[in-house]
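Please look at the sequence and the model together, and keep both in view while you read.

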Amino acid sequence: MNIFLWTHPRSVSTAFERTIAERGDLEILHEPFSDLYYGHDKKAKAVGFQSQYDFPASYPNIKSHLQKLFNNDIDYFIKDMAYHCWDYLKNDTAWLLDTAAVFLIRNPKTAIASHYAINKDVQCDEIGYQKLWMLYELLSNSGKKPLLLLSESLQENPAITLQKFEQYCKLPPKPEALQWKKQAPDSWKSWEAWHKDAAQSKSIEQKKRKYSDTVENNSLLQQYYDYHLPYYEKLKSAAAKAVHS
């Protein structure tokens, strides 16, 4: 089974990806559609972005590349952002229906402040919740039942969150993967500036950071927060319903 982890920036997703790499039974593909958004379509400028392909990173080319990989006898774990490819996926989701769909979300107050601390030129679209909800809704309406995970739960109780992921994806339990002995995936080099904490850590950590710019004191970040908050709340509500269903 090939697994997509759909998320937004600064969601603790790289720490989760590091845990998956530690398992050793899934090949990691790190944001394969980021080249489409930043390199090919040039929707925004990204801090530290480096191309990872030796071919033009159009949507058909990246999709074809992924499908060729999926035809091998190897299972893949693919982490990506919905906004990287939503303009294409909204009319082309059939090929995703054979993959496991996992969504990871974090409180936008924290995620937005963390994002801005790295990239002062961040655009509203890059906050990510709107397109993430739209993809979740589209997949749900197509007959899939995605798994929704909260970053706060991942940090507070990584063992239970990993267990939920393993059960959903029908993977054997490997709680030892929460202690990282292997090096960070080579694919992180394309976004090295963004993954320093996860690359230098040995486990998922609950860090309390203070940011000089927040949604409370920066009017631009407040605008971004107000725009994306309804989509975060829809995703969080969907997560809560799934728990009680």
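Predicted model: local features only at pLDDT ≥ 70, side-chain atom pairs only at ≥ 80, totals over all residues.

Residues are numbered from 1 along each chain as its sequence is written, and side-chain values use heavy atoms, with hydrogens and water left out.

Begin with strand 3, residues 76–81, bearing in mind that helices (H or I, at least four residues) and strands (E, at least two) are DSSP runs, numbered from the N terminus. Six of the six residues of strand 3 are buried, so the strand is largely enclosed by the rest of the structure; here buried means under 20% relative accessible area, exposed means over 50%, and partly exposed lies in between (1.4 Å probe, protein chains only). In a regular strand the side chains alternate between the two faces of the sheet. Accordingly, Tyr76, Ile78 and Asp80 point one way from strand 3, whereas Phe77, Lys79 and Met81 point the other way.

Which strands pair with strand 3? Strand 1 (residues 3–7) runs parallel to strand 3 and is joined to it by five bridges, where pairing requires that DSSP finds at least two bridges between two strands. Phenylalanine 4 has isoleucine 78 of strand 3 as its bridge partner. Strand 2 (residues 27–30) also pairs with strand 3 in the parallel sense, over four bridges, and the bridge partner of isoleucine 28 in strand 3 is phenylalanine 77.

Strand 2 also contains histidine 30, which counts as buried because its relative accessibility is 2%. The side chain of histidine 30 makes a polar contact of 2.9 Å with the side chain of glutamate 17 (a pair of N or O atoms within 3.5 Å; within protein, one must be able to donate a hydrogen and the other to accept it, and residues adjacent in sequence count only if both atoms are side-chain atoms).

Most residues other than glycine have a negative phi. Glutamate 31, however, has a positive phi near 50°, and it is found in the loop between strand 2 and helix 2 (34–40). Lysine 42, with a positive phi of about 50°, lies in the loop between helix 2 and helix 3 (59–70). Is each of these residues buried or exposed? Glutamate 31 is buried at 5% relative accessibility, whereas lysine 42 is exposed at 62%.

Finally, in helix 9 (residues 158–168), Pro158, Thr161, Leu162, Phe165 and Glu166 are buried. They cover an arc of only 135° around the axis, which puts them on the same side of helix 9; the arc is that of the directions from the helix axis to the C-beta atoms.
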